Amino acid sequence: MDCNIPYHPGLLLGRSVDMKRLQLGYMLVDEEVRPICPTVRFTTSQFTYVHSLKDICDILSIPPEYALKVKARKITDEVVKACLDAIGNRDSSFSVIFKISFLQQKHYLPSNAVTSRQNSNKEEATKNSLLAAAIADLDSINLCRSIQDFGTHWVKALEVGNEMITIMKISCEDSEKFTKLDNKIRQSLKAHKGPITSEVLMSLLNFAKEVDKKLSKKHYKDVQLQIQYCCFEGLPNYPASITGMVKAIESFMDICTGWTEKHRYTEECQLGSNLMTLRSGVDVEEKSTLQSMRNAFQSFVSGAGGNDVKASAVEYHPSGEGSVDFDDIENDGHESFVVLDNQNLQTFYYLRATLQTFDNETAFTDSRSYSSLALSQYPEATYNLFEKIYNGLCDCDEAVERIQKFLASKQFLDDVRVVEGNKVLKKIQTIHLAVHDAVHNLDLVSLPSESSLQDVLNVNALEIVENFIETVTSILPPGSDLDLLMIGKTGHGKSSTGNSILGKDKFAASSDNISVTTRTSVGWVNIDGRTIKVVDTPGVCDTNLEEEEDSIEMAIKSISDAIANCPDGFHALLLIIRFGIRMTTEERKAIGLLKCVLGEDVIKSNSICVITYGDNFELEMSKSKTTFEEWCRNQRGFLGDLFQECKYRCVLFNNKAEDAKAKKSQLIELVAKVDSLKGNGTRYTNAIFQFAQNVRSKIIAEKQVPQVSEDMVRDIQMIIVHLNGMIGNTSQSHYKEELSRLKERVDNLNNRVSEAEAGQFGKLVDTIFELASTIHSKMDEIADRPAPDTPDNALDQTVEQEIGNGQVVNQEDTSTDNTFLDRFRGELQGYYDTEISPQNSMVNEMVSEKVKEQVQQEHQCFSGDSTVCLSTGEQITLSKLRIGDKVLCRNSNGQLGFETVYMFGHQDAQVFSNFVVLETLNSQVYLTDKHYIYCEREGEERCLAAKDVNTGDSLLFVSGDNLTQSTVLRVGYERKQGLFAPFTNSGTIVVDGLLASCYVNVLQPQSCHGWLWPMRQLYKLSPGTLAYLNGSSSNQPIPKWARAFTKLL
């Protein structure tokens, strides 16, 4: 049996080939055997739409097994690969292949030249062959490996000629445009496949002009046109337009006509040494004149190849009888523009090789199916089998690519999902290897049976990957419950993000910069078995407040409220940032304040940046095709530093999305980011949270209010949410399942309230107990019902049941059946609104106020390792400074001098607090944010709180006997140990070389200095009396008068 394959170097007439192992074998004929070389001079031109493997095999005249081996990368053939890649999605792309082939000669051996593998001697055949050296060369480049036998075929014939294959692919996601283009080209070609006639070319040219004109318009920019050219020699150009492509095809057909005319007078044929190369069309100025066509033909007949051509390993020169001088031939009157050249005609190449099986192979029997050159001889079932194998290869390739890309994106993935994804990838790779093995075993001799490939063909690799991705992107990853704290500026979409997470409008939201969140709110939701708590705080550092200090005050209040509402800490801090808005100075300070209060590592360890207004991002980045991850990593300045500090844990949120899947996907990605945090399932907490818990316990004991735990509040809220969902919304098929879930929640809450002290919750205990009893009774009734005979009867069958007050109703009446649910929902909601919520709010407000006081107290001093200069010239830290020491300061005359420290406003060496870091070219100074310092701004000396100092301001440092200015380069925050506030007679002090005030921004420095005049006079009269009145100690480092004065203010 014969089969054709494209020519490859080394396919010599009479040589054995193993098409299963893809190895070249030995020469099986002696050099005395001469090939028969008839001249054909025949042109074939055809086109075909490409929708299947069979379309490719038909137009290229190759067996489907060969195409499968190319697809599986067992054989390197860029032309066949390009044609296979043209098979696209019928809904969004179509491809047409045009092939013009000129057959000059066919070299073949007699069919009996090689009779049997068994009667041949390898060594003799190879030793006596003149091409032994060529085979040795092939061995040296690893084209011919160890040969165990003669293989499956031997080379019977070689076709010599020239050929051009053009692949046109048009794709468009717009179905309307795509359909119009598809219909137009079908009308021009008038068939799915057929010969390229002059009528077809003319019709196609008319179509091409119209389509090229449309593609140049803006509203057709979404249409993608790709044209590829496969040829032996370099073309004058490679047009990227359809018009240029048609002209190139027509020009090559005319060249083939010229070859027929020219070689009519001679039998001589010299072979070139090029192989077919693939080039994509490029935009060039396309000539349409007669001269351009002549130039094209001239380049063909002169043998000018491009730089991309590959040299063949073997050249074959058939002998000819004499030669003809084309200058002596008179013009025969041919009117074609084709020029007949008399140069050396290096214009023909090996096109295809015909392989023949060994016809007396004993292993072959008539009961086996054989491959065949005549593709029409394949039955439809056989081609269906090949199509299944091809689809399996495509699905495996796409499946591996999709799962690898999905895993690399790290979206929606926690550690558990990554492990699951790697298992899926391993499974797909196993399937991939099995399909490749099936392709490897194809030998172009015997056809595989479908039964032998059942295990491979029945597994859909792409479906496995799609199911995994669908599961990951539609269901939250398994894990513990989550507490999320949202911090952000008004107008950045903070409340809308909270609503998107909860899937309901829990928080009031506004699209403008007017804050609608005036107090901290809390919402709960249960999604895919995980309870998520979201805490929405008022805007942090809103620039629409009248004074900057009011903005900082709001930030401290928001953080204090958040701590009060998250007594056990939080799993993740969500920093809400609006896309397209520059970070303001106030926001930068707010981030620093967060780090000061919650801990220096809170951004690094437990924060996630949620970028809102995702719809604006998609619109702005649609042209540049920039991905969200690329955008995040391209940010510079403060925002870039923030992203880097949180390790690029960023999520894009479109709170306006209406597609349910898109909304769920962004939530899943957020939860996956939270789960990826270090210490998965561990809440973030620090000393300030412990302080809040202690204050809460103390307030509950003092006020004698019911001690409502966080878990109890959550359970009540989740039961109310569950009841809302069940009433009127639960179908009969899911009623039992939902009731079972409700039972579990109610039982948990029943256990909590039952364990509380007697009388603490009064009516709540009775309500929960009655609800639990009713649910248990209802579950027993459902369990006792007889099973219906069929699923249809289950919906039609009416079952009388007793509910609540004994009323007998029909099971189909869902609204009546849920009467008891509605009653208990009203009772629970009423109890929560009138009892639990007011008491809980009162406690939280009191805790928040205490936390706020604590935070403010920690922001009024210098750190313990800051230094001062004594009158002795010694430099000591503030932790060693004592009352009575004289330190460097600026006196009332504006001169540097030494003044006595008469008392401390704060003196605690053990406490850790948060400091503003002011960095200049040569210094770094640390102060709490409310401490006054002196600086130059706009040429004027000012006394500002440290938190109000900006980059570009100039601080006053001591240099010799004078003060010099040094520009602030960076403002940051850092947590340090020790809090000290020494007071001097002048009200100023030099700390770390910086001129600072002794006071904080409770009042203006002059006012503070005036208020403390009695203290200075008392020190002069009796320092011991002043120390007694201060009443400070290690347990209470702030003096009594200072605490009273601060509370009064």
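Select Phe 579, Phe 617, Phe 628, Trp 631 and Phe 643 to begin: these residues form one aromatic cluster. Here, rings of Phe, Tyr and Trp (its six-membered ring) pair if their centres lie within 6.5 Å, with planes under 30 degrees apart counted as stacked, over 60 as edge-to-face and the rest as tilted.

The model is predicted: local features need pLDDT of at least 70 and side-chain atom pairs count only at pLDDT 80 or more, whereas totals for chains, interfaces and linings use all residues. Residues are numbered from 1 along each chain as its sequence is written, and side-chain values use heavy atoms, with hydrogens and water left out.

**The whole chain**

Helices (H or I, at least four residues) and strands (E, at least two) are DSSP runs, numbered from the N terminus. Of the 1049 residues, 50% count as buried; buried means under 20% relative accessible area, exposed over 50%, and partly exposed in between (1.4 Å probe, protein chains only). Among contacts between residues at least 6 apart in sequence, 77% join residues at least 24 apart, a contact being heavy atoms within 4.5 Å.

**Aromatic pairs and charges over rings**

A search of the whole structure gives 22 aromatic pairs. For one of them, select Phe 94 and Phe 178: the ring centres are 5.8 Å apart and the planes stand at 50°, so this pair is tilted. Because Phe 94 belongs to strand β5 (residues 93-108) and Phe 178 to helix α6 (residues 175-189), the pair ties together parts that are 84 residues apart in sequence. Phe 94 is buried, at a relative accessible area of 2%, and Phe 178 is buried at 6%.

Next, select Tyr 49 with Arg 186, which lies over the face of the tyrosine at 4.2 Å from the ring centre. Then go to Tyr 648, where the charged end of Arg 633 sits over the ring, 4.2 Å from its centre. The criterion for a charge over a ring is that NZ of Lys or CZ of Arg is within 6 Å of the ring centre and within 35 degrees of the ring normal.

**The loop at Asp 77**

Select Asp 77, in the loop between α2 (64-71) and α3 (78-85). With a relative accessibility of 12%, Asp 77 counts as buried. Its side chain reaches the backbone nitrogen of Val 80 at 3.2 Å. Apart from neighbours within four places in sequence, Asp 77 is in contact with Pro 6, His 8, Tyr 66 and Val 70.

Move to the open sheet of 6 strands, ordered β12-β13-β11-β14-β15-β16 with mixed pairing. Two strands pair if DSSP finds at least two bridges between them. At the edges are β12 (521-527) and β16 (650-652), each pairing on one side only. Neighbouring strands of this sheet are turned by 25° against each other on average, direction ignored.

Zoom in on β12 and strand β13 (residues 530-536), which run antiparallel and are joined by 7 bridges. Val 522 has Val 535 in β13 as its bridge partner.

Axes are lines fitted to C-alpha atoms, for helices over the stretch in contact, and angles run from 0 to 180 degrees between N-to-C directions.

Now select helix α14 (residues 494-502), which is mostly covered, with 8 of its 9 residues buried. Those buried residues pack against β11 (482-488), β12, β13, β14, β15 and α21 (660-675). After α14 comes Gly 503, whose phi is positive, near 75°.

**Glu 470**

Select Glu 470 in helix α13 (residues 461-474). Glu 470 is partly exposed, with a relative accessible area of 36%. A polar contact of 3.0 Å joins its side chain to that of Lys 661. Such a contact is a pair of N or O atoms within 3.5 Å; within protein, one must be able to donate a hydrogen and the other to accept it, and residues adjacent in sequence count only if both atoms are side-chain atoms. Glu 470 and Ser 665 are 195 residues apart in sequence and 9.8 Å apart in space, C-alpha to C-alpha.

Finish at strand β26 (residues 954-959), which pairs with strand β24 (residues 931-937) in the antiparallel sense over 2 bridges. Glu 936 stands opposite Ser 954 of β26. β26 also pairs antiparallel with strand β27 (residues 962-967), over 6 bridges, and Phe 957 has Thr 964 in β27 as its bridge partner. β26 and β27 form a hairpin with 2 residues between them, and Gly 960 in the turn has a positive phi of about 70°.
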